[in-house]
Amino acid sequence: MSPHAALRPQPTPLPTPAPASAPTRAPARPTTAAALHSVSAVTAVLLGLVAIGAMIHEPVLIPPLAASAALVHSAPTLPLAQPRGVIVGHLVGAAVGYAVLAAAGSSGWAAAVAAGVTLALNMAARTPHSPAVATAVIIVLQAPAPDRFVPLLFGSTVLLVLTGFAASRVRRGAPRYPAYWW
């Protein structure tokens, strides 16, 4: 080896590329039977909420509950669909909505703050449920009477969870709901 060879820069090895991960893709299309089962279950529980509302002359079906029903019946294994998130998440959203409404009044600004606070508290409480954020917004913007709204919200979320449980046992091969209760 010549004396100059030691002074020559040695080629740096190229970093080994990380193994390519599988390309992310949309979930597989459900079978016709699975789709029909989910759509039928969601429609039935939402019609049930409308019927209850008609009997007691109160609007029981609110948009966040429709979103909750869709999660429970079409994605029953996701953390967002579990009973803890559905029930407690909506109750946290209601509490935050009423607190922000009392402190700041009804405005889009206050509704946005209520949404952010609800998301933060649900994350901290390990009760992830995105439709609950919308519950806080609805409360701030529409100011429903809490003595009527909160019990109806609670009962509706329990009904959603129970229908998710029952529907998952009807169709053979359906994912079991819930993945965990608490």
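Modeller: Happy to, and keep in mind that this is a predicted model. Let's start with a helix pair: in H3, the residues Pro-83, Val-86, Ile-87, His-90, Leu-91, Ala-94 and Tyr-98 meet Pro-146, Phe-149, Val-150, Leu-153, Phe-154, Thr-157, Val-158 and Val-161 in H6.

Colleague: How do the residues of that contact of H3 with H6 divide into nonpolar, polar and charged?

Modeller: The contact of H3 with H6 has 13 nonpolar and 2 polar residues, and no charged ones.

Colleague: And at what angle do H3 and H6 pack?

Modeller: About 165 degrees, with the axes of H3 and H6 9 Å apart. Angles over 145 degrees count as roughly antiparallel, so H3 and H6 are roughly antiparallel to each other. H3 passes H6 in a right-handed crossing.

Colleague: Nice. What about H2 and H6, are they roughly parallel or antiparallel?

Modeller: The axes of H2 and H6 cross at roughly 20 degrees and come within 9 Å. The cut-off for roughly parallel is under 35 degrees, and therefore H2 and H6 are roughly parallel to each other. H2 passes H6 in a right-handed crossing.

Colleague: Which residues make the contact there?

Modeller: From H2 there are Leu-65, Ser-68, Ala-69, Val-72 and His-73, while H6 brings Leu-153, Ser-156, Thr-157, Leu-160, Thr-163, Gly-164 and Ala-167. By class, the contact of H2 with H6 has 6 nonpolar and 6 polar residues, with no charged ones.

Colleague: Let me switch to H3 and H4. At what angle do they pack?

Modeller: H3 (residues 83-104) and H4 pack at about 145 degrees, and their axes are 9 Å apart. The crossing of H3 and H4 is right-handed. On the H3 side the contact is made by Val-88, Gly-89, Val-92, Gly-93, Val-96, Gly-97, Val-100 and Ala-104, and on the H4 side by Ala-110, Ala-114, Val-117, Thr-118, Leu-121 and Asn-122.

Colleague: How do the residues of the contact of H3 with H4 divide?

Modeller: Into 9 nonpolar and 5 polar, again with no charged residues.

Colleague: Which residues line the largest cavity?

Modeller: Its lining is made of Pro-59, Val-60, Ile-62, Leu-65, Phe-149, Leu-152, Leu-153 and Ser-156. H6 gives the most to this lining, with 4 residues. The lining of the largest cavity divides into 7 nonpolar residues, 1 polar residue and no charged ones.

Colleague: And what volume does the largest pocket have?

Modeller: The largest pocket has a volume of about 380 Å³. There are 22 residues lining the largest pocket, and the closest to its centre are Ser-38, His-73, Ser-74, Ala-75 and Pro-76. Two or more lining residues come from each of H1 (32-56), H2 (63-74) and H6 (146-170).

Colleague: Which helix gives the largest share of that lining?

Modeller: H1 does, with 6 residues of the lining of the largest pocket. By class, the pocket lining has 14 nonpolar, 7 polar and 1 charged residues.

Colleague: Last topic, the backbone. Where is the peptide bond that is cis?

Modeller: The bond from Tyr-177 to Pro-178 is cis, with omega near 0 degrees. Pro-178 sits in the segment after H6.

Colleague: And what phi does Arg-126 have?

Modeller: Arg-126 has a positive phi of about 60 degrees, although it is not a glycine. Most residues other than glycine have a negative phi, and most peptide bonds are trans. Arg-126 lies in the loop between H4 (108-124) and H5 (130-142).

Colleague: Great, thanks for the tour!

Conventions. Residues are numbered from 1 along each chain as its sequence is written. This is a predicted model: local features need pLDDT of at least 70, side-chain atom pairs count only at pLDDT 80 or more; totals for chains, interfaces and linings use all residues. Side-chain values use heavy atoms; hydrogens and water are left out. On a 1 Å grid over the protein atoms alone, a cavity is a set of points where a 1.4 Å probe fits but cannot get out, and a pocket is an open set with protein on both sides within 12 Å along at least five of seven lines; lining residues have an atom within 4 Å of a point. Grid points are joined across faces, edges and corners, and a volume is the space filled by probe spheres set on the points. Ala, Val, Leu, Ile, Met, Phe, Trp, Tyr, Cys and Pro count as nonpolar, Asp, Glu, Lys and Arg as charged, and the others, Gly among them, as polar. Axes are lines fitted to C-alpha atoms, for helices over the stretch in contact, and angles run from 0 to 180 degrees between N-to-C directions. Angles under 35 degrees count as roughly parallel, over 145 as roughly antiparallel, 65 to 115 as roughly perpendicular and the rest as oblique. A crossing is left-handed if the near helix is turned anticlockwise from the far one by less than a right angle, and right-handed if clockwise. Contact means heavy atoms within 4.5 Å.
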